[in-house]
Amino acid sequence: MWYSGLKIKTFRTGGVHPHEYKGLTEECSIINFPVPQKVIIPLSQHIGKTAKALVKKGDMVSEYQLIGQKDGKISANVHSSIPGKVVDVVMACILNYQVLSVVIQLEGEFKTGNLKKDEWEPLKKEEILKRIESAGIVGMGGAGFPTDFKLSPPPDKKIDTLLVNGVECEPYLTSDYRLMMEKTDEIVEGIKIVKKVLGVRTVFLGIELNKKKAIKKFKDRLTSESNIHVVPLKVKYPQGGEKQLIKAILKRQVPSGGLPFDVGVIVSNIATVYAVREAVLFQKPLTERVVTVAGTIVEKCGNYKIRVGTTVSEVIKEVGIHGPIGKVIMGGPMMGINVSTVEAPVMKGTSGILFFSEKEARSIDYSFYKPCIHCSKCLEACPVNLNPSMLSILGEMEKWEDMKGYHLQDCIECGCCSFVCPSRRPIVGWVKAGKALSA
Amino acid sequence: MTLLIIISAASIGGLGLFFGIILGIAAKFFKTDMDSRIKDIEEILPGINCGACGFPGCSGYAKALVKQDVDISLCIPGASQVQARIAAIMGKETKDKESLIAKVRCVGDKDTVARTGYYLGVKSCSLAQITVGGDKACAYGCLGYGDCAAVCPFDAIHMGKDKLPHVDEKKCTGCGLCVKACPRNIIEMVNKRDYFFIKCVSKDFGPAVSKVCKKGCIGCGICARVNNNEGIRMENNLPVVDHKEFKGDVTGAQKCPTRVIEFLKEKWEEKKHEKD
Amino acid sequence: MEHYLIIIVSAAFINNFVLSRFLGLCPFIGVSKRLDSALGMGMAVIFVLTFASVITYMIHRFLLLPYHLEFLKTISFILVIATLVQFVEMVIHKTAPTLYESLGIYLPLITTNCAVLGAALLNINENYNLLESALNGFGAGVGFTVALILMASIREKLELARVPRSFKGAPITFIIAGILSLIFLCFKGIIAE
Amino acid sequence: MYRLSVSPHIHSKASVSRIMWTFIVALMPAMAASIWFFGPRALYLEIISVATAVITELLTGLLLKKRITLSDGSAVITGLLVAFNMPVSVPYYVPIVGSFFGIAIVKQLFGGLGYNIFNPALAARVFVMFAWLPEMTTWNAPLTTSGFSKLAGFNFSIDTITTATPLAIAKMKGMAGLLTEFGSKMGMYKDLFLGKCPGCIGETSALALLLGAGLLLLTKIIRWPIPLSYLATVVLICLLSGNDPIFHLLSGGLILGAFFMATDYVTSPMTPKGMILFGVGCGLVTMVLRLKGGLPEGVSFSILFMNALAPLIDRYFKNPVLGVKT
Amino acid sequence: MKIQELSKGLFKENPILVLMLGLCPTLAVSTKAIYGIGMGAAVIFVLTCSNVIISLIKDFIPDKIRIPSYIVVIATFVTIVDYVMKAYTPELHKSLGIFIPLIVVNCIILGRAEAFAAKKNVLDSFFDGIGMGLGFTLALTLIAVIREILGAGTITLKLLGYGWIVEIPHLNPMIVMILPPGAFITIGLILGFSNILKKR
């Protein structure tokens, strides 16, 4: 095999192998999603403070116009993704919590057809960071950490490595894979930009072995680059988690409660790197992203470049669904959030929209969980080596405070424990509740 | 025989004396000052360990009272009598704390507010709220899984057939555990003698409310306007009642288009009677 | 030497004070809710038992026997034990206040812990000498502690179990004790050889 | 109306009933061996025991107003294991009382499946053992090939010869006694391995038990640490004390205990380290009881004893959480 | 009024089933019905006498040394019972063994002294003692009968050659019931069921 000379790495503790379902969309090239009639743009699509609204009801906005101003250090700008009229600025239910959102009705024309391309090499580090900041880029893997903040670690932390996360370990999702296949050169350029900002020497690009074409493509492309290495990884969920990826590639252990920069590493997602390049070269704000739309009941499964704020109802209209929808999941099936309304919008961190049929949805019914039989399958599956069994039992008994003694805060909510649990216990639910209620 | 009696008495007496001396010396040697007040207070406290005071059980509160100088009015089930007795021990003055009861501020029963989906998870409001953001069309309304009823140590809250909690005012001691348990902050502690309540907490306005709930407060503000903001004023699309300023003009309440304002006539008359 | 070992093992496991002699059940049920307080209680009992065995032996040997006052043994023994317990209480209160708080009302309970008086009386019944009495007392204390710790760890786990409401607390504790006692029963044959 | 639930939204195929029914399948070879060697009465005992267990589970479930969980098969397992742990000649009320005790008191009173502290089948066995010691220690020699023809007839009566178990012989007469009983050493190993020796009906045939254990290990329903450390400890102690390790491995209920009862999820520790300690403890107590105890057999007691210690082990042997300094 | 003091010990405040006091002798001597009765009689005597004496002397005893004084009083009566039984029913005395002197530390007696006799008058204390003692005897005998039937297949009500032994036919006794495990399990189940009855 062509990659046989390489050492296939992975993280050691825990992990599961869910069925991949990537075949549904793996070969679907990225298609531009039609312009939606209406967008709902939440002003908080990131970790940290909600952006300050700059528009009010009745205002006219143009495409790429700043509508939410970054508020404080950990926060991000929000831009309009279509030109139009602000219909409302209202609290809306986004991913099951209430967020101040701007609703824009499509009106007027797209003025910004062609953006001017800059050269990035002459730009200074500060200038690059500023462009990233004003473009409102956040981590697009799901957590939504503001990228400009991530790329400027405290001076006492010495960063020596950049990890680019092309793992995409969640089943169904192929958006990063398609991006890697179709925008190889752009991503390499993006990596170089991030590398310059951080001033690191080595870059590792981690890709799982179920994306062999992408590994080969990058391998060929990067033969001339001596400092950017492609690292093939064994297929195992949750390898895309920051801490697991660092462990797999560098064998370094992020301390409990710490961040990757505590061990001299910055991890960045493929889609984020791509967005960084766009932001730096074209000064283009982050208003669209590639989203995998998949599911057995979806007629036109595929990878779509969708504008932020496009609602699920528009997506349903476009891709066509046959049969009743049982569940709509924003993100992957392991960690994605299940939405109750078709009015939920695509956000900067939405990597996939999955539609489950009624039958698929009903196969997971956590209201009929059984008692824990202490089979210790969850202990084996946990990538953090926690005791999910105890956490679930304490959660069941509503002893939220006691959960802290079992390292509740270290749980990454990857769902491996619930996935393997023969009693089908909603362990992640109790952990989430514990985190919220024990504070 | 007499000798035996004397010997027995002497030995027991001698032993007693000997051990008494040892203990006396030991008591001097290992002297610790144990505050007898802790024990006294523990006896006064109701001993149901409800935790409303924020300390681990009644003994925890007793200890904290003596050692950390905390507020003496924290024991809600014990109410003013306990407070007075603690005050007597601690040499503090009693603060007059009016007795409270829990009030559920939602009218969105199962026929009024639709569910947005079939929630497949642990039947608990807080888990439903935290994991799927609740499964009711109204983002403010009662989820109806009964966390408040489950947490009540006095059996004072019951889930009705309408899937709303109902408070038994006779049993409620105002401990406030239900307030903490409710993930949507629908339950409020109110003065036992209050007579005017807004039974909705939706901060939405107008059509946003009526779309999901026919009975909820639409934030029209008629009540406040009719009363000239005396006793009722609007805040975040919700009327706020101030019982001190309220002059007894109930027309505002009667004008409410959704009849979400509850007015307890007996209690009002009782209070008016008292004032006169 | 082996003789003395057998006394300890016998008192601790084979004729476990709690599980086969039924001595010291009140604190066994009362203090076995939490493991750390069980440990503290166990240590206190070991200490009291050993010393009480020695002192009661001496009183019996040098005071009651010479003057034919055997009928005073119950009274005098209980006096000794009461004193000793009060003494230990003072020491723990001074040196380890947190332990004292968690043991709470159970420290004075050692006085009325029949394990202590029982060990003293058994020593007399078995005609043990001074060393044997001390070892028997020590072994009994160890046995009590072992049973207490096992029970406490099981009960802590049982806190999180859905035991039927009527059986929570003492009833289920007795049933656990029954099963533990079944297990200890099988040690019976070991010394017989 | 969509369905709403917390993540993950997909699930592996694992389920409690799948585990339990696989476990029952794994017990089938041993059941077949029990009927082969001890005749239809063994089957009757098993049926009675399982029926009592299932009925007790149902009734107690109704009384305690629990969700009835018969379909998960755990009661069937308990019933089967109770029967497996009895000599073929016991009166029928023994498995009935045993199964009732195991399910009603040791399992349901502690909260039912997942909450019991002690293995119900083992506790039941020990209970009836002390209740009816003579009946529980009367052993019958297995049927010869010719005697097996009686399988067809329902009027099977206990007229086979009463003997002692290999362990009892070893205890009383030593190795020499065993050799006179079985002829040669290899013959003894062969008989013990196949199960042609007196003993509890389900424990004699190491071959059948190992077949089942292989299935459980392959399907990852049980894990290596407990059985391996258990057997290894037994072998080690045998070697140190100058006993025949193969004899001790094959005789008594060791294989049954190590693979099917010590590995019980609910009553054994959860972490690998804890499991190893648990197995070592089982092996230690087993050998102390076999070599020094008053009763010839020690597997049930040792596992039950370690069950009592499991909460302590779980408390002190936790997995090191990644990133947390200890 | 007095009836109430007498009857409460039987059921509502039964020392074993409700207050859970004095469990050690309950478990240890409940192997034969007659042992239960014998132990019960001894406890009734000690409890009643010490209750009366303590309620008589309660006003003269300084608070600090009240517990030691109570113990001395109780120990005296226990010694009397011990010697009386040794003289008249040596067989029973031998079977009950050290549990006779251990009545001293039986929580019922000290508990009643502290909780009742030290506060109430002589007559009330007397009836309380008898009531509580009877309740103790009743529960103890109940447990003993259950254990003896299941564990030995008999009911022994024979003392000093008088009385009779009932044998239950067609019962293969479970020896374990008269061994310690049987005692623990029986009392556990009885306490559980009495809790169920209490709730009703």
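Reader: Which side chains meet in a salt bridge at 2.3 Å, N to O?
Author: That would be Arg315(D) and Glu156(C). Keep in mind that this is a predicted model.

Reader: Okay, and where do those two sit?
Author: The pair crosses between chains. Arg315(D) belongs to helix 14 of chain D, residues 299–316, and Glu156(C) belongs to helix 8 of chain C, residues 130–158.

Reader: Is Glu156(C) buried or exposed?
Author: Glu156(C) counts as buried, because its relative accessibility of 15% falls under the 20% cut-off. Arg315(D), at 32% relative accessibility, counts as partly exposed.

Reader: How many salt bridges turn up over all chains?
Author: A search of the whole structure gives 37.

Reader: Which residues get joined into one salt-bridge network?
Author: Glu27(A), Arg178(A), Glu182(A) and Lys213(A) are joined through salt bridges that share partners.

Reader: Switching to the backbone. Where's the cis peptide bond in chain A with omega near -5 degrees?
Author: Between Tyr237(A) and Pro238(A). Pro238(A) lies in the loop that runs between strand 11 (228–233) and helix 6 (242–250) of chain A.

Reader: What about chain D, which peptide bond is cis there?
Author: The one from Ser7(D) to Pro8(D) is cis, with omega near -5 degrees. Pro8(D) is in the loop between strand 1 (2–4) and helix 1 (16–38) of chain D.

Reader: Now chain B. How do strand 7 and strand 8 pair up?
Author: They pair in the antiparallel sense over four bridges, with strand 7 covering residues 232–235 and strand 8 covering residues 238–241. Ile232(B), for one, has Val241(B) as its bridge partner in strand 8.

Reader: What's in the turn of that hairpin?
Author: Two residues stand between the strands, and Asn236(B) in the turn has a positive phi of about 50 degrees. Asn237(B) is in the loop between strand 7 and strand 8 too, and its phi is near 65 degrees, a positive value in a residue other than glycine. As for accessibility, Asn237(B) is partly exposed, with a relative accessible area of 28%.

Reader: And Asn185(B), what's its phi?
Author: Near 50 degrees, again positive in a residue other than glycine. Asn185(B) sits in the loop between helix 7 (177–181) and strand 5 (187–191) of chain B.

Reader: Why does Asn185(B) count as exposed?
Author: Because its relative accessibility is 55%, and exposed means over 50%.

Terms used. Residues are numbered from 1 along each chain as its sequence is written. Chains are lettered from A and ligands numbered from 1 in the order in which they are written. This is a predicted model: local features need pLDDT of at least 70, side-chain atom pairs count only at pLDDT 80 or more; totals for chains, interfaces and linings use all residues. Side-chain values use heavy atoms; hydrogens and water are left out. Two strands pair if DSSP finds at least two bridges between them. Buried means under 20% relative accessible area, exposed over 50%, partly exposed in between (1.4 Å probe, protein chains only). A salt bridge is a side-chain nitrogen of Lys or Arg within 4 Å of a carboxyl oxygen of Asp or Glu.
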